[in-house]
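Please have a look at the model first.

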Amino acid sequence: INPKKPIIAQVSRFDPWKDPNGVISAFRLARKKIPELQLILLGISSAKDDSDAQSLFIETKKYARNDPSIFLFFHLADLKGISNDMMVNAVQVSADIILQKSTREGFGLTATEALWKSKPVIAGRVGGLALQIQNLSSGILVDSPEAAGRAIIKLFKNKNLMARMGKAAHQRVLRHYLITRFIR
């Protein structure tokens, strides 16, 4: 992963509802306009008996077609001694944009973590994500991989918009999701 090149990331287990192949499709669309773009899919599985996650990871790996700009993390050993928590934080801080392209989702903790870190989040317009993210303010809600790809391009082409969304994202968490809001 080259930290000097643009990075988008999704931090989610390998699950059909997280749509990892849709994320790759969005990445491929965006990379037509942003050739140096890199994608990180971080979904470390801690359950040794989760064959569904393992098979979806294998399917996603095939769909990625050994693209050297797509980085997949599934096994804890892939992190080479770094804890999962440290890797999640490193990915969220390093990425320019976080995706949570879920097709079903309750409260998306990884989305809120990314919002807190002042990252614009491109997310599926579903469940809790549609409540957490103010569309076109703290992030962009999408209904398809194509819409996600267009949103990625839009943000990279307008760095001021990306910065404003990141700031609004942080403020959204501060006002709505931290317990300190009850002090007042």
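By a cavity I mean, on a 1 Å grid over the protein atoms alone, a set of points where a 1.4 Å probe fits but cannot get out, with lining residues having an atom within 4 Å of a point. The model is a predicted one, in which local features need pLDDT of at least 70, side-chain atom pairs count only at pLDDT 80 or more, and totals for chains, interfaces and linings use all residues. Residues are numbered from 1 along each chain as its sequence is written, and side-chain values use heavy atoms, leaving out hydrogens and water.

The structure holds one cavity of 30 Å³ or more, where volume is the space filled by probe spheres set on the grid points, joined across faces, edges and corners. Its lining includes Arg13, Phe14, Lys18 and Pro20.

Pro20 also belongs to the contact of H1 with H2, helices being DSSP runs of H or I with at least four residues, numbered from the N terminus. The axes of H1 (residues 20-31) and H2 (residues 51-64) come within 9 Å and cross at roughly 15 degrees, which makes H1 roughly parallel to H2, the term for angles under 35 degrees. Axes here are lines fitted to C-alpha atoms over the stretch in contact, with angles running from 0 to 180 degrees between N-to-C directions.

Ser25 of H1 meets H2, and Ser25 is also among the H1 residues that meet H6, contact meaning heavy atoms within 4.5 Å. The axes of H1 and H6 (residues 145-157) come within 8 Å and cross at roughly 45 degrees.

Terms used: Helix = DSSP H or I, 4+ residues; strand = E, 2+ residues; numbered from the N terminus. Parallel < 35°, antiparallel > 145°, perpendicular 65-115°, else oblique. 1 Å grid on protein atoms, 1.4 Å probe; cavity = no way out; pocket = protein on both sides within 12 Å on 5 of 7 lines; lining within 4 Å.
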